[in-house]
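Biologist: Before we look at anything in detail, I would like to learn how to read such a structure feature by feature, with the general idea first and the particular case after it.

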Amino acid sequence: MEILNELSLSLQKGNIKAVQELVQQAIDGGIEPRTILDEGLLAGMSVVGEKFKKNEVYVPQVLIAARAMSIGAGMLKPLLADGDATAAGKVCIGTVKGDQHDIGKNLVKMMLEGKGLEVIDLGVNVEPERFVQVAKDEGCQIICMSALLTTTMSVMEDVVKAAEAAGIRDQVKIMVGGAPVTNAYCEKIGADVYTADAASAADAALELLANQ
Amino acid sequence: MAMTQFEPNYENLVKAARNIEVKRIPLYEHYVSPKVMETLRGTNFEDCYHGDDRDLDNYFHHYCGFYRDMGYDTVSYEEVVSVALPGAGALGGHIKGVIQNRADFEKYPWDQVCDTYFAKVSRYFEALRRQMPAGMKAIGGVGYGIFECVQDLVGYEDLCYMRVDDPELYHDLFFKVGETNRAVWKRFLQEFGDIYCVCRFGDDLGFKSTTLLPPEDIRDLVAPQYRGIIEEVHRAGKPFLLHSCGHIFNVMEDLIATGIDAKHSNEDQIAPFYEWVERYGDRIGNFGGIDTDAVCRLSEPELNEYITNVVSRSVGHGGFAFGSGNSIPDYVPIENFLAMNRIIRTLRGE
C-alpha cells in the first residue's frame, strides 16, 4: 500500500511529523494496526538497519529513525489486539559490570526494537546475576551484553556461568558484542552469537528466535 | 625499574611526527595510568597532583622520570579543555549535556573559557617545565578535540537528534568550539610552547565499523576546526599529531587535508598498525603499534613475535613511533607492559 511505503520512507528520514500524520491516516483509513506496524514502521527500520550495515547511513540517522519508530509504535500500541501486541521475542540487554560505555548497547537495543522485539534495558555496569535473574523472571529468550574494554569483556564469561548455575542456560541464548569482542572469544566463553555491528545483532536475534 | 644507558632526544619523536624514519624507533604512548607509573617508580605520587607547588614538583619529577627511565624521548602530557567548560561532562559521564538548545548556546560563557583554562592549569604546565628532564620535551597540550568537546557539552545521542531538530545550532556548535579551542591553543603555544615539541589532541571520531558522524559532517564541521588549530601549531614551528580511535578510513583523506603531520591509534579488529603505515606512510607519520588488547593478553614470546612482525612490516614507510595502539590504562598487567617495552627497546638496538 502506498501509504505504508510513504510511512516507511518517512521513518527512514526520521521525520516524526510525517510519521505521526501517516500513522493516523493509516488508522483512519481502516488499515489493521499490525499491518501498519509491520509494513510501515518495522519495514522502514529494517531498511535503516541494512543501510547501517553497509555504512550507507550512520548512527545519527539510525537514532532519529528509531525515535520516529518509537513515536509511531506508541500511537499503535493501544489499538493492537492482545495477540497482535505480542512481541516476536523478549531480550534483556546491558553493558557488563565495570563498563559504562553504552552507545553500542543503545544502538543494538534500537535495532532489536526495530525488528519488533521487546527489549528490557538493564543499562550499564550490570552484574552477571542481574542479567540472569531478569532473563529468568521476565522470560527473556536472549541475553545481550556488550563491553568496550578488554578487562570488562571477561565479565561476559561470568554471565554465561551464572546462566548455567541458575539452570537456565538451555532456555536462553547469549549474544555478545563490543570493541574488543571477537567470534573466537564468543566461542571460548561459551556464548552463542557474536556480531560485529548493531544491525547484524538484530538479524542474529531474529534467527535465534526462529530456531528456538 | 630497569635502568639503561638510554639518553633521551626529543628530536627523534619530532622526526617521526614529520614522517622521517628514525633508526632508534621512538616510543610513544597517548596515556599511561599514574597507577602503572607508581608501581614502576615504587612510590605513590598521584595525589601530589592536587597539592601545592612542592607537591606538583614531586608529581612531575616522577611523571617525567617514568618516561625517561622507560626509554621515551618525550613526556606525554595534556590538560583537557573541558576543565574550563562549565557543565561539561556528557561525554561518558552519563549526565545530560549543558547545551540542548539555542538559548543554552547563547548564554554559555564562551568568552571566559580561555582565561578559566589557564587560571586552572597553568601551574601544572609550569611544574612540568621545571621538572622536564634533559633531552626531553612534551607531546600533547590542550586535551580534547573538537568532536569530544561538542559531545561533552551536548551528549552524543542528543547531538545526533540536534542534527535534524536544529541543524543550524548543530553547525554553530562545532564552529564555536573550534573558535574557542583555537584561542586556547594560541595562548598555550605562546606561554608553554617552549616545553612542547609535538602538539596533539585526541578526538575519537570512529568506532569498530565506521565513523560516529556521517563523513560529510566530519569534513564540513570538524575538519575546518582542526585546520585552524593546526595552523596555530604550525605557526609555532611544531608538528601536529591527531589521536583518533575507530574505523575512520572514510575520512582519512579529509583529515590529512587539514594538515595533520601524524596520526595515532590502532585496533587490530579494524586494521593492524602496519596497514595504517602502508596506506598513509607516504604522507603522514604513524604512531601506534600493538593493540592494547594484545598487550593485556599475550605472553612474552607471543608479544615478541607480534611486535617483531609489526615493526618489520612498518619500516620503510616513513616515520613512525611505537607503543600501544591506544594507551596503558591501569588494567594492563605491569609485567606485560614491561615485556612490551623490553622487546621494543631490544629491537631498536638497546
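Biologist: In which order do the strands of the open sheet in chain B stand, and is their pairing parallel or antiparallel?

Modeller: Strands of a sheet pair through backbone hydrogen bonds, either parallel or antiparallel. Keeping in mind that this is a predicted model, you will find in chain B an open sheet of 7 strands, ordered S1-S2-S3-S4-S5-S6-S7, whose pairing is parallel. Strand S1 (74–80) and S7 of chain B stand at the edges, and because each has a single partner strand, one side of each is left without a neighbour in the sheet. If direction is ignored, neighbouring strands of this sheet are turned by 25 degrees against each other on average.

Biologist: Which helix packs on this sheet, and which strands does the helix touch?

Modeller: Helix H8 (residues 167–192) of chain B packs on the sheet, where it touches strand S2 (137–143) and strand S3 (196–202) of chain B, and the direction of H8(B) makes about 155 degrees with that of S2(B).

Biologist: How many bridges join particular pairs of strands, for instance S4 and S5 of chain B?

Modeller: Strand S4 (residues 240–243) and strand S5 (residues 262–264) of chain B run parallel and are joined by 3 bridges, and B:Leu242 stands opposite B:Lys263 in S5(B). Further along the sheet, 5 bridges join strand S6 (residues 285–290) of chain B to S7(B), again with the two strands running parallel, and there B:Gly289 has B:Gly323 of S7(B) as its bridge partner.

Biologist: How should I read the packing of two helices, and at what angle do H6 and H7 of chain B cross?

Modeller: Two packed helices are described by the angle between their axes and the distance between the axes. For helix H6 (residues 146–154) and helix H7 (residues 156–165) of chain B, the axes come within 7 Å and cross at roughly 95 degrees, and H6(B) and H7(B) are therefore roughly perpendicular to each other. The contact is made by B:Val150, B:Gln151 and B:Val154 on the side of H6(B), and by B:Tyr156, B:Asp158, B:Leu159 and B:Met162 on the side of H7(B). Sorted by class, this contact has 5 nonpolar, 1 polar and 1 charged residues.

Biologist: At what angle do helices H11 and H13 of chain B pack?

Modeller: Helix H11 (residues 273–280) and helix H13 (residues 300–314) of chain B pack at an angle of about 0 degrees, with their axes 9 Å apart, which means that H11(B) is roughly parallel to H13(B). H11(B) contributes B:Phe273, B:Tyr274 and B:Val277 to the contact, and H13(B) contributes B:Val310, B:Arg313 and B:Ser314. These residues divide into 4 nonpolar, 1 polar and 1 charged.

Biologist: How many residues of chain A and chain B are in contact with each other?

Modeller: The contact involves 17 residues of chain A and 21 residues of chain B. On the side of chain A, the elements that give two or more residues are helix H4 (59–76) and helix H8 (150–153), and H4(A) supplies the largest share, 5 residues. This side of chain A has 9 nonpolar, 6 polar and 2 charged residues.

Biologist: Is A:Val47 buried or partly exposed?

Modeller: A:Val47, which lies in helix H3 (residues 33–53) of chain A, counts as partly exposed because it has 18 C-beta neighbours inside 10 Å, where 20 or more would be needed for a buried residue. Leaving aside its neighbours within four places in sequence, A:Val47 is in contact with A:Ser8 and A:Gln12.

Conventions:
Residues numbered from 1 in each chain as written. Chains lettered and ligands numbered in written order. Predicted model: local features only at pLDDT ≥ 70, side-chain atom pairs only at ≥ 80, totals over all residues. Axes fitted to C-alpha atoms, helices over the stretch in contact; angles between N-to-C directions. Helix = DSSP H or I, 4+ residues; strand = E, 2+ residues; numbered from the N terminus. Parallel < 35°, antiparallel > 145°, perpendicular 65-115°, else oblique. Contact = placed C-beta atoms within 7 Å. Nonpolar A, V, L, I, M, F, W, Y, C, P; charged D, E, K, R; others polar. Pairing = 2+ DSSP bridges. Buried ≥ 20, exposed ≤ 12 C-beta atoms within 10 Å, placed from the backbone.
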